[in-house]
Amino acid sequence: MTGRAFVARYSLWRMALLALAAVGFVFAGLLLAGTFGPPLRPGAEWIGWIGVVFFGACLLVIVRRMFDAAEIIRISGNGIYFKSWSDQTVPWSEITDVTIWEYQRQKTIILHLRRPDRFPSTKLLGKVSAANRALTGGDIPISLTGTDGKFADAMAAIAYYRRAT
């Protein structure tokens with residue numbers, strides 16, 4: 001790793017795959033709800049409608065992200081920027097530790113901050129920060145899901161810039 005910043009943006013084809021999965025779940029919800037004939041589980045139509053609403057909302061977010069060419073993650077000498085958390089870059093001086101949390105082979109970078117209150121989330125991810133903290137023990141979870149970035153490259157950039165500070 002050289003002194004070049006790590007940058008990740010949303011990947012069009014990965015977002016398209018996520019959109020396809022969301023469409024599948026919306027369709028499954030409609031089947032459960034009985035939209036195309038008798039419901040698959042009579043009395044449980046509400047489960048199907050919950051699925052339609054939830055995965056329909058996910059689909060809208062995914063489609064919007066498909067056309068977002070902005071940087072989602074930037075790891076540089078200034079610190080770490082994660083668009084899904086806030087518009088602030090967290091400087092290296094505020095990051096006390098970086099760990100990895102893994103669930104079902106999906107890895108997430110976890111930032112542990114000196115003063116988490118100085119870097120509050122201004123995005124939806126912040127609404128579940130207490131649950132995230134209880135689950136991972138960290139302050140900011142950074143996922144590369146749906147981006148063009150590679151986990152190993154992000155971790156190499158973190159190691160490089162943490163050594164440099």
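1. Let's start with Thr147, which sits in the loop between strand S7 (140–143) and helix H4 (151–164); helices (H or I, at least four residues) and strands (E, at least two) are DSSP runs, numbered from the N terminus. Thr147 counts as buried because its relative accessibility is 2%, where buried means under 20% relative accessible area, exposed over 50% and partly exposed in between (1.4 Å probe, protein chains only). Neighbours within four places in sequence aside, Thr147 is in contact with Ala8, Arg9, Tyr10, Ser11 and Arg14 (contact means heavy atoms within 4.5 Å).

2. A word on the source: this is a predicted model, where local features need pLDDT of at least 70, side-chain atom pairs count only at pLDDT 80 or more, and totals for chains, interfaces and linings use all residues. Residues are numbered from 1 along each chain as its sequence is written, and side-chain values use heavy atoms, with hydrogens and water left out.

3. Now helix H1 (residues 12–33). Its buried residues are Met15, Ala19, Ala22, Val26, Gly29, Leu30 and Ala33. Viewed down the axis of H1, they fall within an arc of 95 degrees, so they line one face of the helix; the arc is that of the directions from the helix axis to the C-beta atoms. The buried residues of H1 pack against helix H2 (45–66), while Trp13 and Leu20 are exposed on the other side of H1. Just after H1 comes Gly34, with a positive phi of about 85 degrees.

4. For the whole chain, I count four helices and seven strands, running β-α-α-β-β-β-β-β-α-β-α along the sequence. Of its 165 residues, 35% count as buried.
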